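Me: I am new to reading structures and would like a close look at one part. Which helix would you pick, and what lies beyond it?

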Amino acid sequence: ASSSSSSSSSVSPLSSLVASYCVLTKDEVDLLSKRSKAESLSSFSYKPPLACPSMYIKAPPPKGVLMVDTAQKATQAWSEMKGLKFVGIDSEYMVSLFDAKAIKNQAVLLQISSCVRCYLFDLMQLRTTTTHEDQHRKQHQQQIQHVIEQIFTDPNIIKIGYSFCGDLSVLARSFPHTTCFTRINSFLDITQVERHIALSPLNNPSSATSPSLSSPSSPPSGEGEGEKKKNKKNKKNKKKKKKSKEQEHCMAFPTKGGPVGLSKVCHFLFGKPISKDMQVSNWSRRPLLPAQIEYAALDAFILVKIKDRLWPSCSSSSSSSSS
């Protein structure tokens, strides 16, 4: 495959995309969520062609996963993340699939990942279960909320998400008594550039390495008129074949409709999809299953890797290597 730097030529500059998502209020999140839901009605379904589990991306963060469910762990997470330039963000919530009378989707987990570690914020700790909660529990809640708000509002940390507007709406609705999910600064959504990924030479090696179709201005010695016509016809067929391949490749990401899916984006960029088997599972259970932890961490960690592939010159700060 071509070098990763070739992909950035067809993708908008990172700074311009981040600037357009500088601040999102709760009202703006709800508006974007409604628009995203309307657009998704015309989107298509995609099933990764690889059924073998070993053929999916397996990319655990180098320094593992930290479950943030206490004030001490929240403080540790912030001390390791402050000073970073980029983090990937995602969330998991309970989906009401079978009970139409059930309450709306409730967020239960927030994933924030650096290039070396993923932090799973246990949002079950933010729920108000009784009116007389002990002071110790409230301290945990306040510190977890405080750290999330620091990360979300820090303009120096670019938060990278995938179709995250809907997640923001669910987060804000799930915890109306908090302010940490009503605003996010320096936010980048990969769905804004995924339509350009299919046009990149990185994902179309045949077009990047195909030989030049130009021919000499005059035929070699001894080449007759018939030979010239034959060469001209061959040249035309080659151009037509190349155009057909490019059109076929571009069809992979339609120009209209909702997001194509993080798994397919990964398949195009890294040659393998990510497994979505745990997407609809019981995310409210504690402790989480090892497979759930692996799935949740990868969904946020892979976003940092996508950033590295699309914008290789925009590296993380030096502090990230020591986090």
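Reply: Let's begin with a word we will need: a residue is buried if its relative accessible area is under 20%, exposed if it is over 50%, and partly exposed in between (1.4 Å probe, protein chains only). The model is predicted, so local features need pLDDT of at least 70 and side-chain atom pairs pLDDT 80 or more, while totals for chains, interfaces and linings use all residues. Residues are numbered from 1 along each chain as its sequence is written, and side-chain values use heavy atoms, leaving out hydrogens and water.

My pick is α9, which covers residues 262–270. Helices (H or I, at least four residues) and strands (E, at least two) are DSSP runs numbered from the N terminus. Seven of the nine residues in α9 are buried, so the rest of the structure largely encloses this helix. The buried ones are L262, S263, K264, V265, C266, F268 and L269. After α9 comes G271, with a positive phi near 85 degrees.

Follow the chain onward and you reach R286, in the loop between α9 and α10. R286 makes a salt bridge (a side-chain nitrogen of Lys or Arg within 4 Å of a carboxyl oxygen of Asp or Glu) with D122, and their closest N and O atoms are 2.8 Å apart. D122 sits in strand β5 (residues 118–122), so this pair links distant parts of the chain, 164 residues apart. R286 is partly exposed at 31% relative accessibility, whereas D122 is buried at 3%.

Helix α10 (residues 290–310) has a link of its own through E294. E294 forms a salt bridge with K58, with 3.2 Å between the closest N and O atoms. K58 lies in the loop between α2 and β2, so the pair ties together parts that are 236 residues apart in sequence. E294 is partly exposed at 43%, and K58 is exposed at 54%. In total the structure holds six salt bridges; another of them joins D69 and K73 at 3.6 Å, N to O.

Strand β5 leads us to a sheet. Its six strands form an open sheet in the order β2-β5-β4-β3-β6-β8, with mixed pairing (two strands pair if DSSP finds at least two bridges between them). β2 and β8 are the edge strands, each pairing on one side only. β3 (residues 86–94) and β4 (residues 106–113) run antiparallel and are joined by seven bridges, one of which pairs G88 with S113 of β4.
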